[in-house]
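Trainee: I would like to learn how to read a protein model, one feature at a time. Where do we begin?

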Amino acid sequence: MAPRTRRGSFPRVVIERDTESEKSSSSEEEEDPEPEVQEEEESEELAEVENGENVEEGLGSKKKERVPITIALTKVCKVCKRKGHEAGFKGATYIDCPMKPCFLCKMPGHTTMTCPHKVATEHGVIPAPNRNTRSSLDYVFRRQLQPDIPAIKTAFIVPNQVDCAVIRYHSRRVTCLEFHPTNNNILLSGDKKGQLGVWDYNKVHEKTVYGNIHHCILNNMRFKPTNDETIYAASSDGTISCTDLETGISSSLMNLNPNGWEGPSTWRMLYGMDINSEKGLVLVADNFGFLYLVDTRSNNQTGEAILIHKKGSKVVGLHCNPLQPELLLSCGNDHFARIWDMRRLEAGSSLHNLPHGRVVNAAYFSPQSGCKILTTSQDNRIRVWDSIFGNLNSPSREIVHSHDFNRHLTPFRAEWDPKDPAESLVVVGRYISENYNGAALHPIDFIDISTGQLVAEVMDPNITTISPVNKLHPRDDVLASGSSRSLFIWRPRDKSEPVQQKNEKKIVLCASEKKTRRKFGGVDSDNDSDDDTFSSKGKNFKSKKLGSKPTPKSLRTKR
């Protein structure tokens with residue numbers, strides 16, 4: 001087929017092609033691959049012949065002269081897809097599109113790099129006021145909940161140094177993390193393929209991956225309250241699994257797709273999940289807005305499915321109040337977070353609806369008092385409500401933070417520090433990269449939600465991928481993060497250094513030796529198509545899948 005032609009004022013690149021034979025023509029293309037790369041980056045394949053004659057790739061060997069081919073390279077915006085200008089990420093710098101507002105705060109009038117919320121996270125955030133409403137609800141708050149909250153805020157302890165890691169532990173990107181309730185050194189992880197990983201990060205090399213539990217994304221995990229060796233998991237294959245961690249034997253509690261695939265209009269996927277320990281119920285929600293209740297004693301569904309969000313929308317998060325489990329908090333793609341009373345669950349019976357600008361990725365009650373609410377929305381806002389007894393019509397604070405992403409990435413979720421008695425420290429990954437000594441890194445942010453200030457930004461020069469999945473340990477000063485297919489354990493710098501000198505912590509590489517790279521968090525040649533990376537050539541690479549129990553091929557001491 002003859003190449004398409006278009007005349008314009010864009011820069012041109014002239015390629016001298018040898019047309020003596022097909023062999024020489026192909027060798028010239030292999031020697032100079034740059035124009036092909038540029039065509040893929042700009043998504044345009046425009047060619048123009050200067051002498052007016054069309055030249056095909058398989059031109060015969062009759063002509064011995066070289067025919068010049070001119071390729072016009074157009075500028076195409078990666079944001080609005082229009083031609084004539086460029087926008088998007090270039091390394092660690094984000095170039096704003098003139099057709100769109102600021103990428104961070106979504107407001108016009110300034111660029112992303114000069115956004116006041118980027119310079120100071122507390123910009124426009126009103127600090128938490130002192131409660132003095134003198135109402136009956138305020139009296140209940142002061143009598144029942146305030147004694148558990150200290151008057152003086154303790155110093156924050158931030159894990160800021162990588163202590164150990166497993167590189168390419170999963171065959172697809174990590175989607176969820178969970179610490180063992182009694183064993184401080186066990187971390188569980190789920191991935192997009194449905195695999196369940198069990199890792200003892202103190203011994204580093206003791207790790208297991210169960211790959212026969214689910215068939216696609218493992219979205220949520222919760223431990224059984226009466227047995228800390230059993231874990232429930234909800235997957236996009238529409239099943240709830242109950243797995244014994246020692247044996248790996250799994251049973252299905254519920255299957256919403258018993259007849260298999262019958263089209264996207266009927267396929268149900270399970271996203272949000274939590275456990276009501278008082279009632280002995282597993283709560284799960286699907287992609288059609290329905291809530292399901294499963295009895296942990298009989299392993300059967302109880303009652304009918306209840307519509308708790310807009311019909312046809314995903315319910316991506318469920319959380320029971322830690323002190324009053326009958327209070328349920330849900331969030332979904334209908335731009336709402338909703339509070340429910342489980343004693344009278346029915347469609348349209350929510351106690352209160354919390355509106356958001358876009359999709360709500362996560363919503364949590366505070367871990368100790370249960371009176372605060374923290375939500376993460378796709379409009380780059382972290383919203384905080386200081387009291388479920390107060391005015392819920394508008395949030396107490398809105399903190400602008402970069403977590404608006406496209407696809408091929410696990411959603412960002414701001415999570416509480418369960419050890420913070422003041423209930424003010426949260427951790428969340430950052431989407432927009434920053435320039436650190438010439439390297440484009442995506443830090444993990446610790447934010448004080450009472451003031452909106454950035455307490456710390458955690459990064460490692462070797463981790464060049466995004467870390468959207470982060471979990472703080474409920475008892476130790478440990479942070480677990482999932483970045484692409486790898487897991488990292490962070491500890492405070494003053495605590496992790498002597499441990500490394502004594503035990504020489506190692507980084508485990510779960511891939512073949514010929515495909516490993518020097519940087520343990522960078523872009524790999526066998527990268528997955530949905531890895532959390534920005535490829536310099538815009539290409540996606542297939543990964544070599546792991547077995548059910550991967551064995552480390554090479555070890556490296558962390559320097």
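Trainee: Which residues does Pro395 touch, not counting residues up to four places away in sequence?

Mentor: Keep in mind that this is a predicted model. With those sequence neighbours left out, Pro395 touches Arg383, Val384 and Trp385. Pro395 itself lies in the loop between β26 (381-385) and β27 (397-400). Its C-alpha atom is 8.3 Å from that of Leu354, although the two residues are 41 apart along the chain.

Trainee: Is Pro395 buried, partly exposed or exposed?

Mentor: Buried means under 20% relative accessible area and exposed means over 50%. Pro395 has 23%, so this residue is partly exposed. Compare Gln378, in the loop between β25 (373-377) and β26. Gln378 has a relative accessible area of 8% and is therefore buried.

Trainee: With which side chain does the side chain of Gln378 make a polar contact?

Mentor: With that of Asp404, at 3.4 Å. Asp404 is also one of the residues that Gln378 touches, not counting residues up to four places away in sequence; the others are Arg358, Val359, Asn361, His403 and Phe405.

Trainee: Now sheets. How do strands of a sheet pair?

Mentor: They pair through backbone hydrogen bonds, and the pairing is either parallel or antiparallel. Here, 4 strands form an open sheet in the order β20-β21-β22-β23, with antiparallel pairing. β20 (315-320) and β23 (352-355) are at the edges; each has a single partner strand, so one side of each lacks a neighbour in the sheet. From one strand to the next, the twist averages 20°.

Trainee: How many bridges join strand β21 to strand β22?

Mentor: There are 5 bridges between β21 (residues 327-332) and β22 (residues 336-341). In one case, Cys331 has Ala337 in β22 as its bridge partner.

Trainee: How many aromatic pairs does a search of the whole structure find?

Mentor: The search finds 10. To read a pair, look at the ring centres and the angle between the planes. For Phe103 and Tyr431 the centres are 6.2 Å apart and the planes at 40°, so the pair is tilted. Trp199 and Tyr201, by contrast, form an edge-to-face pair, 6.1 Å centre to centre with 65° between the planes.

Trainee: Which residues do ring pairs link into a cluster?

Mentor: The cluster consists of Phe89, Tyr94, Phe103, Phe405, Phe412 and Tyr431. Over the ring of Phe103 sits the charged end of Lys106, 4.6 Å from the ring centre.

Definitions and conventions:
Residues numbered from 1 in each chain as written. Predicted model: local features only at pLDDT ≥ 70, side-chain atom pairs only at ≥ 80, totals over all residues. Heavy atoms only, no water. Pairing = 2+ DSSP bridges. Helix = DSSP H or I, 4+ residues; strand = E, 2+ residues; numbered from the N terminus. Axes fitted to C-alpha atoms, helices over the stretch in contact; angles between N-to-C directions. Buried < 20%, exposed > 50% of the residue type's maximum accessible area, 1.4 Å probe, protein only. Contact = heavy atoms within 4.5 Å. Polar contact = N/O pair within 3.5 Å; in protein donor to acceptor, adjacent residues only side chain to side chain. Phe/Tyr/Trp six-rings, centres within 6.5 Å; stacked < 30°, edge-to-face > 60°. Lys NZ or Arg CZ within 6 Å of the ring centre and 35° of its normal.
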